[in-house]
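Subject: Handover of a structure and summary of findings

Dear colleague,

Please find the structure below, followed by a summary of what was found in it. I would be grateful if you would read the two side by side.

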Amino acid sequence: MTTKAAKTTKKPAAKKPAARKPAAKKTTAKKAAPRKTAAMPAKPIKMAATRAAAAEKTSEFKDKAAKKAHSVATASKDKTGDAIGGLSRMIEDSASTIDEKVGEQYGDYARSAADAVSDFADKLNAKDVDELVEGTREFVRKSPAVAIGAAAVAGFLLSRLIKSGMDDKE
């Protein structure tokens, strides 16, 4: 009979955890409210200092990148101007051959083309990179369709040059 009494006492013990559920809700309410300590204000200050340092480093990096890009653009502009000048001289030199082989009229066309290319090279060499960028921006604003078409043609020509370069290596 003692075993029956032990069994009957176990059943009411199983019901006790159900009564503890409201107490668990009270503890979760206490956890939701953050505790205020003296160390809490230090985190926002450290975060602000870290953000300021990151912003300063970003600004320095941006300045260095802009200076490097400007110097590379200037060097490229100079090389492009020299190459266009060389093209102008080559067209001018071939004008006499065109006179002999095709006719004087076509030689005159070659000379006028050489003059136009030479004028373009002189204008390119005379302008600063910043002036060229601003001129390009104005051109794109005035006629975006022409700019998109020119970009498409330039992309097509560039892809053909790259493709032909790859074919030569094989």
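A salt bridge is taken here as a side-chain nitrogen of Lys or Arg within 4 Å of a carboxyl oxygen of Asp or Glu. The structure is a predicted model, in which local features need pLDDT of at least 70 and side-chain atom pairs count only at pLDDT 80 or more, while totals for chains, interfaces and linings use all residues. Residues are numbered from 1 along each chain as its sequence is written, and side-chain values use heavy atoms, with hydrogens and water left out.

Overall architecture

The protein chain contains six helices and zero strands, where helices (H or I, at least four residues) and strands (E, at least two) are DSSP runs numbered from the N terminus. Along the sequence, the pattern is therefore written α-α-α-α-α-α. Of the 170 residues in the protein chain, 9% are buried. Buried means under 20% relative accessible area, exposed means over 50%, and partly exposed lies in between (1.4 Å probe, protein chains only).

The protein chain exposes about 14600 Å², of which carbon and sulfur atoms supply 63%. Accessible areas come from the Shrake-Rupley method with a 1.4 Å probe, and for residues only the protein chains shown count as cover. Where contacts (heavy atoms within 4.5 Å) join residues at least 6 apart in sequence, 55% of them join residues at least 24 apart.

Salt bridges

As a general point, side chains of opposite charge can pair when their charged atoms come close. The count in this model comes to five salt bridges. In one of them, Arg-111 pairs with Asp-99, and the closest N and O atoms are 2.5 Å apart. Because Arg-111 lies in helix H4 and Asp-99 in helix H3, this pair ties together parts that are 12 residues apart in sequence. Arg-111 is partly exposed, at 26% relative accessibility. Asp-99, Asp-108 and Arg-111 are linked in a network of salt bridges.

Helix H5 (residues 129-142) holds both Arg-137 and Glu-134, three residues apart, or about one turn of the helix. These two residues form a salt bridge whose closest N and O atoms are 4.0 Å apart. Glu-134 also forms a salt bridge with Arg-141, where the closest N and O atoms are 4.0 Å apart. Arg-141 is exposed, with a relative accessible area of 60%.

Surface patches

Patches are made of residues with over 30% relative accessible area and no salt bridge; like charges are joined within 9 Å, and nonpolar side chains (Val, Leu, Ile, Met, Phe, Trp, Tyr) within 5 Å. Lys and Arg count as positive and Asp and Glu as negative, whereas His and the chain ends are not counted. The place of a charge is taken as NZ of Lys, CZ of Arg, CG of Asp or CD of Glu.

Glu-92, Asp-93, Asp-115, Asp-119 and Asp-122 form a negative surface patch. Helix H3 (42-101) and helix H4 (104-126) are the elements that give two or more residues to this patch, and H4 supplies the largest share, three residues. Glu-92 has its place in helix H3 and is partly exposed, at 36% relative accessibility.

A nonpolar surface patch is formed by Leu-158, Leu-161, Ile-162 and Met-166, which together have about 430 Å² of accessible area. Leu-158 lies in helix H6 (residues 144-169).

Lys-123

Lys-123 is found in helix H4 and is exposed, with a relative accessible area of 57%. Lys-123 and Gly-81 are 42 residues apart in sequence, and their C-alpha atoms are 8.8 Å apart in space.

With kind regards
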